[in-house]
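Hello,

Here is the structure for you to open. My notes on it follow below.

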Amino acid sequence: MKNKSYILIGFVILVFGIIFIPEIVNRIKTGTVVDGDRHSVGMKKANAEDLLTMGKVPSFKFIDQHKDTITNEDYKGKVYVVEFFFTTCPSICPIMNANMVKLQNKFKNQEDFAIASFTINPESDTPEVLKEYADRYGVTNPNWHMMTGDMTKIYALSNTGFNLFAGQDESVNGGFEHSGLFALIDRKGNIRSRADEFGNPIVYYDGTTDEGVKMIEQDIEALLKSK
């Protein structure tokens, strides 16, 4: 009996080797040994209907880099990304806006793609300053509005409207604190989000990392396809 068991075990091992060893060897050669569905779940492409709705964008009204009055109604019917930044930010803002330019260029042929950037230092970031900043970063999308206005209203939009922290702090480099997150908005003015591997909404996308930018890029594409 024992001999038969050993023969059966040996047969199973042989079959396992025939089926799986070539794949294991290939993964070792290509450096993808740890790749798999669980590893890549955060980067899984979503359809528009898979994206969760987190709430409505609050009403806003500010002045952009061209001295035009811009409201949330100007974004109606467009898929757009929201960020809070300031032009003299010495840390994450340059990364965020370099990544935002990548999104702009990725969807340059999409007339219904837009970006809304709100400065959290409106006293210094005048329309003229914002225009110079936009030119320096290569902003070409006519639907990318860098907005300034009343500080109280901007902070209310950030901290209460979007629940994205922004504040003044003289002890930090640059004098202001804020998140590096991007918000994704659909054509109807809803804040949208993909879910993580546990089914929980990520809510916002990390605008400072390649992974976060890739995820929001995929989800922008999904929303643009959805009319």
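A search of the whole structure finds 1 cavity of 30 Å³ or more. Here a cavity is a set of points on a 1 Å grid over the protein atoms alone, where a 1.4 Å probe fits but cannot get out. Points join across faces, edges and corners, and volume is the space filled by probe spheres set on them.

This is a predicted model: local features need pLDDT of at least 70, side-chain atom pairs need 80 or more, and totals for chains, interfaces and linings use all residues. Residues are numbered from 1 along each chain as its sequence is written, and side-chain values use heavy atoms, without hydrogens or water.

The largest cavity has a volume of about 30 Å³. Its lining residues (an atom within 4 Å of a point) are Phe-84, Met-96, Ser-158, Leu-164, Phe-165, Ala-166, His-178, Ser-179 and Leu-181. By class, that lining has 6 nonpolar, 3 polar and no charged residues. Nonpolar means Ala, Val, Leu, Ile, Met, Phe, Trp, Tyr, Cys and Pro; charged means Asp, Glu, Lys and Arg; the others, Gly among them, are polar.

Best wishes

Technical notes. On a 1 Å grid over the protein atoms alone, a cavity is a set of points where a 1.4 Å probe fits but cannot get out, and a pocket is an open set with protein on both sides within 12 Å along at least five of seven lines; lining residues have an atom within 4 Å of a point.
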